[in-house]
Amino acid sequence: MDDLLNVFDYERRAADLLPPGPLGYFAAGAGDEWTLRENVSAYRRWTLRPRLLRDVEHVTTMRTVLGHELAAPIIVAPMAYQRHAHPEGEVATARAAAAFGTIMTMSTMATSSPAEVAAAAPEAPRWFQLYVFRDDGVTRSIVDQAVEAGFRAIVLTIDAPYFGRRERDIRTGWLIPEEPAVPALESALGSMRSTSVTEHFKLISPSISWRDVERLASETRLPVLVKGIHTAEDAVLAVEHGAAGIVVSNHGGRQLDGVAASVDVLPEVVEAVGDRVEVLVDGGIRRGVDVMVALALGARAVLVGRPVLWGLAVDGADGAQRVLELLRDELQLALGLCGCTSPDEVTRAHVARAV
Ligand SMILES: Cc1cc2nc3c(=O)[nH]c(=O)nc-3n(C[C@H](O)[C@H](O)[C@H](O)COP(=O)(O)O)c2cc1C
């Protein structure tokens, strides 16, 4: 693994290892994949403004996010079907996140149960990503499983009333196999369980509205973060409807092709929300300097998606942990070279729009 020096090296190695179907599913964006590419390239449109001679002998990457003290402002994004990347799937990702010192966000569509993920790293904080289903009982049962298994927050994904059209999947013809199963959903479905895995997404409610956010926030004891916010307007509504945090996200370019890179809408969301709730961002983070830019634009932390999957595919829990460590080490160096001894010292003045 010594020749894997950065996230892109892991991406290339994973592409060599994974069969075309799962690789296409993990890598895909919607439509022309313009937003997918933008998420990454938009970070290059911001330049750093280092401040010098500030004694950076001791630099920490530690950051508190929604009350959790993390090794770095880098959280694992929710991603479905991880056992198609590695046989240990989400359980390995949970171990990696815990060993690194951060939160793993588990997907509703995980191929391990909430209890299995909890058992993999009992002491570590973990969040649960929720889809709202047409059947209220199904949604409630999934939330109950997450609460029971000790998850510390619900991350409600709001950008998927319909699923994006990903042409890579159509080309490879890969349909999500029946095995491994999706335990949280299958247990919630109970007697409706005969539905096949490919039909699962049709059970998600396209009539989801702000009422669901409000209800979830008031009925659940856990803080609710709203994931998929793109605009200042919806950020304000999220706060008004009880969100404890916001994730600026376009689902890694997998839903609506043509929306702006998430880092480009981060400033308007941060400005609209002020310090009422913490704002996180995901999409396109591939380098520690990207994390630095996100922090400078007001993100409390970032979520990282595909890079963790590439690490998982290459070397299970060790690979996923290594990817997180590479990003942390790059961030630590960027902080020091920008004259900051911790993420808390990063300000808007540390970045400028590239011309
Ligand atoms: C293979 C894959 C599966 C995903 N599954 C989910 C999911 O189940 N729920 C969700 O809210 N987001 C899901 N996402 C979106 C991620 O949480 C995150 O928003 C995105 O991957 C961030 O972009 P990045 O991959 O460029 O880091 C998925 C992303 C990928 C790549």
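**Close-up views of a predicted model**

**View 1. Strand β7 and its partner β6.** Leu-130 stands opposite Leu-156 in β7. The model shown here and in the other views is predicted. Strand β6 (residues 126-130) runs parallel to β7, and four bridges join the two. Together with helix α6 (residues 136-148), β6 and β7 form a right-handed β-α-β unit.

**View 2. Strand β7 and its partner β8.** Strand β8 (residues 224-229) is also paired with β7 in the parallel sense, over four bridges. In this pairing, Val-226 of β8 is the residue opposite Leu-156.

**View 3. The two faces of β7.** Strand β7 covers residues 153-157, and five of its five residues are buried. Ala-153, Val-155 and Thr-157 point one way from the strand, whereas Ile-154 and Leu-156 point the other way. Side chains in a regular strand alternate between the two faces of the sheet.

**View 4. The largest nonpolar core.** This core has 121 residues, and those with the most contacts inside it are Val-226, Ile-246, Val-269, Met-292 and Val-302. Helix α13 (residues 306-337) supplies the largest share of the core, 15 residues. Leaving aside residues up to four places away in sequence, Val-302 touches Pro-73, Ile-74, Leu-280, Val-281, Asp-282, Ile-285, Val-291 and Ala-294.

**View 5. The shell around the ligand.** The ligand is surrounded by 22 residues, of which the closest are Ala-77, Ser-107, Thr-157, Gly-252 and Gly-305. Thr-157, one of these closest residues, is also a buried residue of β7. By residue class, the shell divides into ten polar, eight nonpolar and four charged residues.

Notes
Residues numbered from 1 in each chain as written. Predicted model: local features only at pLDDT ≥ 70, side-chain atom pairs only at ≥ 80, totals over all residues. Near = placed C-beta within 6 Å. Nonpolar A, V, L, I, M, F, W, Y, C, P; charged D, E, K, R; others polar. Core = buried A, V, L, I, M, F, W, Y, C linked by C-beta atoms within 7 Å. Buried ≥ 20, exposed ≤ 12 C-beta atoms within 10 Å, placed from the backbone. Contact = placed C-beta atoms within 7 Å. Pairing = 2+ DSSP bridges. Right-handed = clockwise from strand over helix to strand, strands pointing away.
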